[in-house]
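Welcome, and please get your viewer ready.

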Amino acid sequence: MKFELPQLPYAADALEPYISKKTIEYHYGKHHQTYINKLNDLLPGSDFEKCDLDTIVKKGHNGIFNNGAQVWNHTFYFSSLSPNGGGKPKGKIAQLIEDNFGTFEKFQEIFTKAATTLFGSGWVWLVQKDDGSLEVLKASNADNPLRNGHKPLLTIDVWEHAYYLDYQNRRPDYIDGFWKLINWDVVESRL
Amino acid sequence: MAFQLPELNYKYDALEPYIDAQTMEIHHTKHHSTYTDKLNGAVKGTADEGKSIEDLLKDVSNKSIAIRNNGGGFYNHNFFWEILGPSKGMPSGEFLKAIETAFGSFDAFKVEFANAATTRFGSGWAWLIKQSDGSLTVTSTPNQDNPIMDISVVTGVPLLALDVWEHAYYLKYQNRRPEYIDAFWNVVNWTKVEDNFKRG
């Protein structure tokens, strides 16, 4: 099956001033597209030719995993954001965050610290485990919590390409902006 | 004595148009400087304070992750600035012979090195190294690891390195890492690389 770049749920400039139009144009238009192209190039003749993306992410290896997971991760990341996002979560997700981390602010602190300190390229995830509990996980490069059987709820991309045009070495400033863009309705819908 | 951020032997704009001045300045004064500060913080007040960076990295399997990451970042950038320069030159003599023995030709070496730099997934470095038997090989390392670390799969004396963290090229080349790698060949200080070969 041939994968295609999904539509962004907002305009390229919609996340300004936190994430610039230029960053979105490269991040979505070039990086995300390139992962899709490379995945489509690698699949024919492989064991994963007829698999869906979740299976590729769970079972893939080497280039098929790297590119497949990066397709999955970017789609998930871009759909976690909204120009009307930010603020505090409500409803069931808010309750779960409080149950697991004490307060929303404590969760924010843990997630921010993980995103700040992940060394090199990667992602930080909020996941729900089998027992229903929530956890913040660091993942290098393309890694994805589906491989460990966890349900991803939220992610931040901390590859430098996600923020370098806007923030250069100031990753913490990018993370600050990220909190103002999170679409908590989408996060809750993933429970 | 604490580790010091070295001065560059050339100006930030000396590698234009291949590596832009803004990238050089941020790379040196922010990224490299942060690794230096964090390395100093990691060894301060420990038994490792006062050891050379080489001694720390050769024994990095017994060190903290902070020494591995920041010590690697400190060493790798020190090394990188030295093998870059506006002067050109080309490999010659025994060094050129060693390249030809290992790779067939200088052009074949460049292809292999560029391939290592292009295919390093995520952040990391491509290296030309001299192995313990004297032969040359190309390798790559993730993040700030390097071939002098005892944890590296392929170890040896570094002769040439290329930083392929996105911060090394994103302001000018964005997602086009291969263009950055092509441009890199125009700013290699081969005199220094050959010197590394003779000493190694």
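Before you click on anything, keep in mind that this is a predicted model. Our opening theme is aromatic rings: a search of the whole structure finds 40 aromatic pairs over all chains.

**Stop 1: aromatic rings in chain A**

Select A:F104 and A:W179 and show their side chains. Their rings form an edge-to-face pair, 6.1 Å centre to centre with 85° between the planes. Now colour the helices: A:F104 belongs to α5 (residues 104-117) of chain A and A:W179 to α7 (residues 171-179) of chain A, so the pair links distant parts of the chain, 75 residues apart. Are these two residues buried or exposed? Both A:F104 and A:W179 are buried.

Next, select A:W123 and A:W125. The ring centres lie 6.2 Å apart and the planes meet at 35°, so this pair is tilted. A:W123 is buried at a relative accessible area of 0%, and A:W125 also counts as buried, at 0% relative accessibility.

**Stop 2: a ring cluster in chain B**

Move to chain B and select B:F95, B:F103, B:F106, B:F109, B:F113, B:F184, B:W185, B:W190 and B:F197. Ring pairs link these residues into a cluster.

Then pick B:N196, which sits in helix α8 (residues 190-199) of chain B. This asparagine counts as buried, at 10% relative accessibility. What does B:N196 touch, leaving aside residues up to four places away in sequence? Show B:F79, B:I83, B:P158 and B:L159 to see those contacts.

**Stop 3: salt bridges**

Side chains of opposite charge can pair when their charged atoms come close. Over all chains, the count comes to 13 salt bridges.

Start with A:E25 and A:K21, whose side chains meet in a salt bridge of 3.7 Å, N to O. These residues are 4 apart in helix α1 of chain A, so about one helical turn separates them. A:E25 is partly exposed at 40% relative accessibility, and A:K21 is partly exposed too, at 38%.

Another salt bridge in chain A joins A:R170 to A:D173, at 3.3 Å, N to O. Here A:R170 counts as partly exposed at 35% relative accessibility, and A:D173 as partly exposed at 34%.

Back in chain B, select B:K63 and B:D48, which meet in a salt bridge of 2.7 Å, N to O. B:K63 lies in the loop between α2 (53-58) and α3 (65-83) of chain B, and B:D48 in the loop between α1 (21-43) and α2 of chain B, so the pair ties together parts that are 15 residues apart in sequence. Both B:K63 and B:D48 are buried.

**Stop 4: where the chains meet**

Finally, show both chains together. 18 residues of chain A are in contact with 18 residues of chain B. The area buried between the two chains is about 1800 Å², with 61% of it from carbon and sulfur atoms. On the chain A side, highlight A:F119, A:E160 and A:Y164, which lose the most area to chain B, together 38% of what that side buries.

How many salt bridges are there between chain A and chain B? The count is 0. For the elements, colour α1 (21-42), α3 (62-79) and α6 (164-167) of chain A, which each give two or more residues to the side touching chain B. The largest share, 4 residues, comes from α1(A). By type, the residues on this side of chain A divide into 7 nonpolar, 9 polar and 2 charged.

Terms used
Residues numbered from 1 in each chain as written. Chains lettered and ligands numbered in written order. Predicted model: local features only at pLDDT ≥ 70, side-chain atom pairs only at ≥ 80, totals over all residues. Heavy atoms only, no water. Contact = heavy atoms within 4.5 Å. Buried area = accessible area lost by both parts, 1.4 Å probe. Salt bridge = Lys/Arg side-chain N within 4 Å of Asp/Glu carboxyl O. Nonpolar A, V, L, I, M, F, W, Y, C, P; charged D, E, K, R; others polar. Phe/Tyr/Trp six-rings, centres within 6.5 Å; stacked < 30°, edge-to-face > 60°. Buried < 20%, exposed > 50% of the residue type's maximum accessible area, 1.4 Å probe, protein only.
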